[in-house]
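Visitor: I have a model open and want to learn how to read its features. Where do we begin?

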Amino acid sequence: MSAHPGAIAVLDAPLDPRAVEACVTDDGAGGVVTFQGQVRRQSRGKQVVRLEYEAYRPMAERVLRRIADEVEARWPGARCAIHHRVGVLGLGELAVVIAVAAPHRAEAFEGCRHAIEALKADVPIWKREVFEDGAEWVGLGP
């Protein structure tokens with residue numbers, strides 16, 4: 001399934017969307033959809049200064065691999081790669097990049113949507129939102 005090299009990663013360094021896409025792109029792909037989740041200025045009505053992500057890396061990577069495998073099983077011919085960042089992220093920095101390539105665009109879009117929703121629900125990655133007037137831990141995912 002998602003055994004292609006570099007497809008799954010939890011990284012301390014900035015994410016590169018082109019590198020994530022390179023994990024899934026091949027001549028059988030008619031569509032490649034990439035999702036980039038970035039740190040935004042406002043969350044729940046407050047001004048965000050930065051985000052801090054923590055993960056239990058071995059488990060997070062296992063769950064990310066399971067999600068990629070689900071995408072590839074549900075949409076035959078699809079390939080899925082997911083990279084998530086941990087550490088301190090400033091405004092505009094990428095927290096997650098997901099790329100799904102599939103023979104047709106519909107499957108690529110659907111697979112990418114499935115991957116981000118499953119990531120937010122299931123992956124043991126925790127986010128601390130730091131605001132101008134305090135900080136708060138927020139559930140799983142970006």
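Guide: Begin with contact: heavy atoms within 4.5 Å. By that rule, I98 touches V20, V33, T34, F35, C80, A81, I82, C112, A115, I116 and L119, leaving aside residues up to four places away in sequence. The model is predicted: local features need pLDDT of at least 70, side-chain atom pairs count only at pLDDT 80 or more, and totals for chains, interfaces and linings use all residues. Residues are numbered from 1 along each chain as its sequence is written, and side-chain values use heavy atoms, with hydrogens and water left out.

Visitor: Which residues touch the most other members of the largest nonpolar core?

Guide: The general idea comes before the case. In soluble globular proteins, nonpolar side chains tend to be buried together. A nonpolar core is a set of buried Ala, Val, Leu, Ile, Met, Phe, Trp, Tyr and Cys residues joined through side-chain atoms within 4.5 Å. Buried means under 20% relative accessible area, exposed over 50%, partly exposed in between (1.4 Å probe, protein chains only). Here the largest core has 43 residues, and I67, C80, I82, I98, L119 and V123 touch the most other members. Two or more residues come from each of β1, β4, α2, β5, β7, α3 and β8 (125-131). β7 gives the most, nine residues.

Visitor: In what order do the strands of the open sheet stand?

Guide: Helices (H or I, at least four residues) and strands (E, at least two) are DSSP runs, numbered from the N terminus. Two strands pair if DSSP finds at least two bridges between them. Four strands form this open sheet, ordered β1-β5-β7-β2, with mixed pairing. β1 (8-11) and β2 (31-38) each have a single partner strand, so one side of each lacks a neighbour in the sheet. β1 and β5 (residues 79-85) run parallel, joined by four bridges. A9 stands opposite H83 in β5.

Visitor: Which strands does helix α2 touch?

Guide: Axes are lines fitted to C-alpha atoms, for helices over the stretch in contact; angles run from 0 to 180 degrees between N-to-C directions. Helix α2 (residues 57-74) packs on the sheet and touches β1, β5 and β7 (94-102), its direction making about 145° with that of β1. Helix α3 (residues 105-122) lies across β2, β5 and β7, at about 145° to β7.

Visitor: Is V86 buried or exposed?

Guide: V86 counts as buried, because its relative accessibility is 7%. V86 sits in the loop between β5 and β6 (87-90). Its contacts, beyond four places in sequence, are V10, L11, D12, Y53, E54, A55 and R57.
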